[in-house]
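Me: I've got a model open and I'd like to learn how to read its features. Can you walk me through it?

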Amino acid sequence: FDYTMSNWAPTDPFLLIKKEIEKAINGIDHVYGKWEHPSDAEERIWAANEVKAGIKDIEWDLQDLEQAIDKIRGDSKRFNVDEHELNARNRFVSETREHIKKLLNNIETSEKGRANKQNRNRLGMDNPKYDPHEALNREIQAEHGRYIQSHQQLQQEMYEEQEKGLSEVSIAVDTLHRAGNDMNDELSRQNKELELYDDEITSTSARVSRAIRRVDDLLTKADNKAGYWII
């Protein structure tokens with residue numbers, strides 16, 4: 001992907017994005033080569049995943065590049081880019097997209113072929129003594145087993161979720177119970193204090209009553225003595 005455009009201006013947004021894409025393409029091509037000639041099955045899987053991830057990133061960059069081209073097309077005089085160069089840039093985007101699409105299709109086709117081969121091996125279809133009825137029966141039994149396993153797993157997850165919910169309820173009940181006990185203890189303490197206050201008030205009231213009676217007696221005696229001296 002080598003498009004030399006002599007009239008690129010320093011502020012042209014296409015240039016920076018294009019360089020980043022070319023760098024990414026070189027990296028993906030290198031990893032794709034490892035996928036084509038891996039040292040083992042693990043490296044092939046790793047390379048396929050890396051290429052797929054890289055292609056996603058490049059696709060986002062290509063969208064940014066298309067937006068940059070549209071921006072330049074709307075103000076071509078400012079960026080000093082003519083229609084011929086804009087068409088060349090569009091061609092770069094199209095060819096780059098076709099290139100990564102080809103890589104992705106090759107990987108996906110290979111993976112589908114490998115999956116089909118695994119299914120055929122699992123069903124025994126490559127066996128010279130292959131019996132389609134027996135293979136179908138095995139597939140039905142395998143599917144039934146997978147369904148039972150999935151159902152059991154779902155039940156286990158539901159059971160664990162219920163256990164978790166019951167545990168949380170139990171913790172909440174224990175917390176409320178402790179809070180109730182604390183409130184009961186506090187009310188009992190306050191009740192005892194109120195009883196003490198009531199006893200003190202009763203005793204004080206009795207002393208006050210006695211003091212009032214003594215004052216009344218003294219006043220009565222004083223009045224009697226005063227009347228005697230007047231006579």
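Predicted model: local features only at pLDDT ≥ 70, side-chain atom pairs only at ≥ 80, totals over all residues.

Me: What share of the residues counts as buried?

Reply: Buried means under 20% relative accessible area. By that cut-off, 17% of the 231 residues in the protein chain are buried. The chain exposes about 17,800 Å², with carbon and sulfur atoms supplying 54% of that area.

Me: And which contacts tell me about sequence separation?

Reply: Look at contacts between residues at least 6 apart in sequence: in this chain, 68% of them join residues at least 24 apart.

Me: How many salt bridges does a search of the whole structure find?

Reply: The idea is to look for a side-chain nitrogen of Lys or Arg within 4 Å of a carboxyl oxygen of Asp or Glu. The search turns up five salt bridges. One of them pairs Glu-22 with Lys-18, at 2.4 Å from N to O. These two sit four residues apart in helix 1 (residues 13–36), so about one helical turn separates them. Lys-18 has a relative accessible area of 5%, which means this residue is buried.

Me: Where does the pair Glu-59 and Arg-97 sit?

Reply: Check which elements hold the two partners. Glu-59 and Arg-97 form a salt bridge with their closest N and O atoms 3.0 Å apart. This pair links distant parts of the chain, with Glu-59 in helix 2 (residues 41–74) and Arg-97 in helix 4 (residues 83–123), 38 residues apart. Both are partly exposed: Glu-59 at 25% relative accessibility, Arg-97 at 24%.

Me: What about helix 5?

Reply: There, Arg-189 bridges to Glu-186, with closest N and O atoms 2.3 Å apart. They lie three residues apart, about one turn of the helix. As for networks, salt bridges that share partners join Glu-59, Glu-66 and Arg-97 into one.

Me: Which residues form the negative surface patch?

Reply: Glu-157, Glu-160, Glu-161 and Glu-168 make up the negative one. Glu-168 belongs to helix 5 (residues 132–230) and is partly exposed at 47%. A nonpolar patch of about 450 Å² comes from Leu-194, Leu-196, Tyr-197 and Ile-201. Leu-194 is also found in helix 5, and its 54% relative accessibility makes Leu-194 exposed.

Note on methods:
Residues numbered from 1 in each chain as written. Heavy atoms only, no water. Patch = residues over 30% accessible without salt bridge, like charges linked within 9 Å, V, L, I, M, F, W, Y side chains within 5 Å. Areas by Shrake-Rupley, 256 points an atom, 1.4 Å probe, with all protein chains shown as cover. Lys, Arg positive; Asp, Glu negative; His and termini not counted. Charge placed at Lys NZ, Arg CZ, Asp CG, Glu CD. Buried < 20%, exposed > 50% of the residue type's maximum accessible area, 1.4 Å probe, protein only. Contact = heavy atoms within 4.5 Å.
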